[in-house]
Amino acid sequence: MIGIENIVFLIVAAIGIGLFVWQIRKIRKNILIGRDVELADNPSERINKTLLVAFGQQKMFKRMLPAVLHLFVYVGFLVINIEVLEILIDGIFGTHRILGFAGILYSGLMAVNEILAALVIIACVIFLWRRNVTHVPRLANGVEMRAWPKLDANLILITEIVLMIALFAFNISDLKLAELRGAHLAGAFPVSSMFVNVLGSDPDTLHVIGRVGWWFHILGILAFMNYLPSSKHFHIIMAFPNVYYSKLLPKGKFTTNPAITHEIKAMLDPSYQPPAPEVDAEGNPVMQRFGAKDVEDLTWKQLMDSYTCTECGRCTSVCPANITGKLLSPRKIVMDTRDRMEEKGEHPAIFKPNHYKEMGVERVEVTEEKTLLRGYITPEELWACTSCNACVESCPVNIDQLSTIMDLRRYLVLEESAAPASLNAMFTNIENNGAPWAFSPADRFNWADELYVPSKN
């Protein structure tokens, strides 16, 4: 029977889901600040990669302990959401455990839910210990790991623990009430059965605890859902499209600039006709920038990468430049891209801490002078990169940090001629001599004459 409680629930659920959709629309708008790029080729290969890397957690298992703990949380998230569906139906229509008609299937589902909920609590406690007690270096070190990223991770873990406890409170009270009434509660509850007496035997108290647990669990999920766009935990949604649209070419193959390609083709073949220049909605030519200076010069996929980052630090922990004390941190590159994108676009969150005041620095207003390059990321960071792709290989959600680094470096070289002196010298030699060395082509084999010693015979 539908009552006031169900009407209130329907209103609250509609507001929570509506706010989440509103935030997703803002995120989509931010991502589309980037340049268009076609990534719809080879759908079968992309689906296979998504199943292996995103659903199958393939790249997580390079580090076994966090992989197993993450698997508990990940599978728990997927399976427990089935019970959330039941709670939504019950909340709207005033039913109670509506899916109980499924009999043994429902019992198996509830048993798996309880075991997974317990494993989620254990995994989150261990994750909290690793972050705050043992201080795993990749989770604690780095200039990008400011107060907010560390607090954000702890808030997520604590919230997941509290949500699981609320679920157990609901199940335990429901189980005990059924026992007191001599009735059978649909489902199997292996964990709650062990604690069936911890909440006492007073029916009124059990009823209140059960309703509080039920409401707290679903309201907590709605609140958590709207917190996701402000959090690194947003990767639980973004990982799947990001992996689907990830690079299929060999990691060592770089993209080319179409404008430069057309110019070279026209230079080599006078009959070649370059395509007409790109124009905007008003018919005005679009300024072609070589490389990337700001977020709108990057592709939408590179901006999607920044929303997918889990801030796990695996990329930075394997970066040879970072390991040897250089300024570069691939994780910082991605986080800086996200911060700049939201500074120029719209932040999707209902609540966003002011990251700029964490270190006692006032937020800088958006100006043309403050760009991603130099405003967030310094040339020193970019030139420290060895282009080895270790960061790309290690990322569990297929973020391509190197592509952003290369586009920013291209701008330095092609538009500012701001490459290091050694590289500028090499560029000049290639242009003049056709090789990186300061020798003309005619002198290229002089070394052979110097090594040749005529025979005395």
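Biologist: Which residues have the most contacts inside the largest nonpolar core?

Modeller: This is a predicted model, and its largest nonpolar core has 39 residues. Helix α17, residues 401–414, gives the most to this core, with six residues. The residues with the most contacts inside the core are I31, Y307, L328, L372, I377, L382 and L408.

Biologist: Which residues is I31 in contact with, leaving aside its neighbours within four places in sequence?

Modeller: I31 is among the residues with the most contacts inside the largest core. Once its neighbours within four places in sequence are set aside, the residues in contact with I31 are M238, W300, L303, M304, Y307 and M341.

Biologist: How many residues are in the other core, which lies apart from this one?

Modeller: Among the members of that other core are V73, V84, L128 and L163. Its residue count is 30.

Biologist: How many disulfides does the structure hold?

Modeller: A disulfide requires two cysteine sulfur atoms within 2.5 Å. The sulfur of C124, a buried residue with a relative accessible area of 0%, is 16 Å from the closest cysteine sulfur, in C312, and therefore too far for a bond. C391, likewise buried, at 8% relative accessibility, has its nearest cysteine sulfur, that of C385, 6.3 Å away, and is in no disulfide. The number of disulfides in the structure is zero.

Technical notes. Residues numbered from 1 in each chain as written. Predicted model: local features only at pLDDT ≥ 70, side-chain atom pairs only at ≥ 80, totals over all residues. Heavy atoms only, no water. Buried < 20%, exposed > 50% of the residue type's maximum accessible area, 1.4 Å probe, protein only. Core = buried A, V, L, I, M, F, W, Y, C linked by side-chain atoms within 4.5 Å. Helix = DSSP H or I, 4+ residues; strand = E, 2+ residues; numbered from the N terminus. Contact = heavy atoms within 4.5 Å.
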